[in-house]
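Please read the following notes alongside the structure, taking the points in order.

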Amino acid sequence: MDSHIRATLIILVFITILGLIAIPFGNPKFIDRAIILELSFVTLSVLIWKGYNNVLYACIPIAALVIVGNSLAPPHVNLMMSFSKPFNAIILIIGGYVLQIALIYTSLRSIMNIRSRRLTATA
């Protein structure tokens with residue numbers, strides 16, 4: 001497993017752990033969607049760990065969807081702007097933006113690394 005793929009896997013595991021911590025503090029109305037999202041990150045982690053590198057392509061839109069969803073949700077924006085619940089705001093910022101951006105970056109780097117290895121192998 002190459003270092004970029006390993007970094008992507010580590011970020012996915014951190015997202016999963018942070019999500020498991022955050023779900024109990026979130027709005028109970030959205031627990032079903034939160035669990036589905038967490039299961040998708042767990043699934044991505046397992047598939048990457050098993051060596052299915054094409055799954056890296058799925059990491060990018062899922063992470064982008066999380067970022068856009070957090071940015072368009074008025075309660076999330078209000079929480080981040082007001083810090084009315086500091087613990088929730090910090091978890092939201094780290095898990096919903098910092099780790100998602102890191103996931104996009106490491107996924108892209110992994111994909112570019114895999115493609116460059118394929119090009120040099122065929123040349």
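1. Helix H1 (residues 3-22) supplies the largest share of the nonpolar patch, 5 residues; helices here are DSSP runs of H or I, at least four residues long, numbered from the N terminus. The patch on the surface is formed by Ile10, Val13, Phe14, Ile17, Ile21, Phe25 and Phe87, with about 630 Å² of accessible area together. Areas come from the Shrake-Rupley method with a 1.4 Å probe, and for residues only the protein chains shown count as cover.

2. This is a predicted model, in which local features need pLDDT of at least 70 and side-chain atom pairs count only at pLDDT 80 or more, while totals for chains, interfaces and linings use all residues. Residues are numbered from 1 along each chain as its sequence is written, and side-chain values use heavy atoms, with hydrogens and water left out.

3. Phenylalanine 87, one of the patch residues, sits in helix H5 (residues 86-122). Phenylalanine 87 counts as partly exposed because its relative accessible area is 43%, which falls between buried (under 20%) and exposed (over 50%).

4. Proline 61 lies in helix H3 and is likewise partly exposed, with a relative accessible area of 48%. Although proline 61 and isoleucine 104 are 43 residues apart in sequence, their C-alpha atoms are 8.3 Å apart in space.

Key: Patches are made of residues with over 30% relative accessible area and no salt bridge: like charges are joined within 9 Å, nonpolar side chains (Val, Leu, Ile, Met, Phe, Trp, Tyr) within 5 Å. A salt bridge is a side-chain nitrogen of Lys or Arg within 4 Å of a carboxyl oxygen of Asp or Glu. Helices (H or I, at least four residues) and strands (E, at least two) are DSSP runs, numbered from the N terminus. Buried means under 20% relative accessible area, exposed over 50%, partly exposed in between (1.4 Å probe, protein chains only).
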